[in-house]
Amino acid sequence: MARPLGLGLALALLLAMSATVLPLASSADDYARCEGAVKGWADSVGEGDNGGDKLNLKDLLFFLHIPRTGGRTYFHCFLKKLYTNAQECPRSYDKLRFDPSHPDCTLVVSHDDYSLTSKLPRERTSVVTILRNPVDRVFSTYEFSVEVAARFLVHPNLTSAKTMTSRVLTKSRAVSTLDIWPWKYLVPWMREDLFARRDARGNDSVPSSKKINAYDVEDMVMPLHQYINDPVAHEIIHNGATFQITGLTNNSYFNGAHEVRHCVRKHPDLGRFVLQVAKNRLDRMLYVGLTEDHEESARLFAHMVGAQVLSQSGALKLDVQEDQPSGTDSHSSMLDPEDEETNEHMNSTHGWKNNEALNTTEDDHGKGNMTVGKLMETYEGCIAKLRMSQSSRRRISLKKVEAANFTKAARRHVPEAILNQIISLNSLDMELYEYAKKIFEQEHLMLKGQHPMVVQQKQLADQMVRSSSYEGQHPMVVQHKQLTDQKDWIDAVCESWSCSTWWKVASFGLGIAVTTVFVVFVVTGRRTLKLKV
C-alpha cells in the first residue's frame, strides 16, 4: 500500500506546482500580448508632422473639451463670439448625429476624444484644449454627477423619472446632458443610486445624516470614496484626460481602444507609451490652457486663437488695445477656477435652449467691429452672467440633497488618504498635467516676446551692435543692427496693436530674410568692385 500512497502524493505535488506555474505563465503571456497591443497602437498613431506650423490657425478648429475644465465657458463666451451658428459643425456634442461634412463647418467643440480627428481633414485641422489639476477634476466630476442626477428627485420614483425623460427627449431636438459623453453614463448611474438611497430612507426628507463631510453623506448620496473605487469610475473618470487626448476613451472611434485601455489599467507600466503619445499631441496643439490659471489662459486664448479667427474673417481691426481693466479691477469680473468650473453644462435636465444667461450673451459689439480687447471685455461680461445663472441652478438642483453642500471648504474635510488614492488612480493625468504646465509657460513667453529663441536673437544683436550708423561697418554688423531695428519696429507696432505671437514670428522671419538678401548683395557688390579695380 506504500507505493500507491507515494504515487498519489507525487501527483498531488505535481498538481500543486501546476496550479502555481500556470498562472505565472498565463500572466507573462498576457503581459506580452498587452505590450504588443499598446506598442502597436502607439507606433500606428505616431504622426510624422513635427508641428512646425502649429501656431497658425488652419481651416477647421477642433476644441477638444475635456469635461470639468471650463470648456463650456470658452464655447459660449469666446467661440460663440468668433464663429456664427452656420460655421459650427452640426451636433458637435452629439456623436450619433455629428456631421463634419457640412460645407461651412469650421468649428467643432466636443467631448469626443482625439479619435474624432479620423473624421476630420487632419492636415487642415487645428486642435486646442484645456487641462485641469486631476484631483480637482475628479472632485468636480463627482459634484456635477450628483448635481444633475439630483434634478430627477422631483419625481416620485425612478420609473417615473425615466418615463418623463424619455418623453421629453423624444419630442425635443435639443441636445441633452444625457446625450453627451461622459454624462450619458455617469448621470444615470448616479440617478439610480440617489433613488435607491431615498427609498432606503423611506421618505423624501432632508438628510438624517449629521456628518460634517459633504463628500460622505452616505444615507443621501454615494460617498466620494465609493464613487472613485467603482468600476464605472475606473472605466471613464480616472486618467480621463490622457485617454481623451490619445483617443482611447470608451467613446472612441478607434475599435481597439478598449483593449489598449484595459491593458494599461491592468499593467500600469505600459502607460508610458500612452503618455508619450498624449505629450506629443499636446506639443502639436495650437493652444493648451489651464483651468487653474484661468485669467492668463483666457488672455492667451484671445491672442493665440481669437486674433487669428478675426484676422481670417477680416473682422480684426488694427486698433486692438492691450487688455486693460475697464473701470474696475479685472479680478472682480474674472472667475476663480472653483466658480468658473460650474459654468459648464448650463442646461436643464433636458437641454440648454431655455437657459436665459446663454441666450443673453450675444456679442454686443458685433463681429465685424471686434478687436482682441473687446473680445476680452465681452468674455468677462459673459462669464459673470453664467456664474450667476449656474449658482442659482446648483442651489435648486441640490435642494433635495442639501447635506451635499459642495464647496472649497468642504473639500478640505476629505481625508488625506482619499486624496492620495485619487492621485494614485490618476498617475498618467498627473504627469500629463505637469507637462501641460510647461507648454503653458512657453505660450506665455511667446506672447510676451520672451521665448528663448526670441531672447537669443535679441541678445546676439545687442552684443554685436555698438554703433548707431551702418556706414563703413562690416556687413555682419550691419545685419545685426538691422535685425535689432526690425525687432524694435515690430515691438513698437505691436505695443499698440497687441499682435499675436504668430504675427510677430512671421514678421521677424520676413525681416531676417530681407536683411540677409541685403547683406549678400552688399558683399557681392564689394567683391565685384575690387575685381574691376
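**Close-up 1. The disulfide of C77 and C382 in a predicted model**. The sulfur atoms of C77 and C382 sit 2.0 Å apart, and a disulfide here is a pair of cysteine sulfur atoms within 2.5 Å. With -70 degrees about the S-S bond, this link is left-handed. C77 lies in helix α2 and C382 in helix α15 (residues 372-397), so the pair ties together parts 305 residues apart in sequence; helices (H or I, at least four residues) and strands (E, at least two) are DSSP runs, numbered from the N terminus. C77 is buried at 0% relative accessibility, and C382 is buried at 2% (buried means under 20% relative accessible area, exposed over 50%, partly exposed in between; 1.4 Å probe, protein chains only).

**Close-up 2. The disulfide of C34 and C263**. Here the sulfur atoms are 2.2 Å apart. The S-S torsion is about -70 degrees, so this disulfide is left-handed. Helix α1 (residues 2-44) holds C34 and helix α9 (residues 257-266) holds C263, so parts 229 residues apart in sequence are tied together. Both C34 and C263 are buried.

**Close-up 3. The disulfide of C89 and C105**. The S to S distance is 1.5 Å. A torsion of about 60 degrees makes this disulfide right-handed. C89 and C105 both lie in the loop between α2 and β2 (107-110), so the pair ties together parts 16 residues apart in sequence. Both cysteines, C89 and C105, are buried.

**Notes for all views.** Residues are numbered from 1 along each chain as its sequence is written. In this predicted model, local features need pLDDT of at least 70, side-chain atom pairs count only at pLDDT 80 or more, and totals for chains, interfaces and linings use all residues, while side-chain values use heavy atoms, leaving out hydrogens and water.
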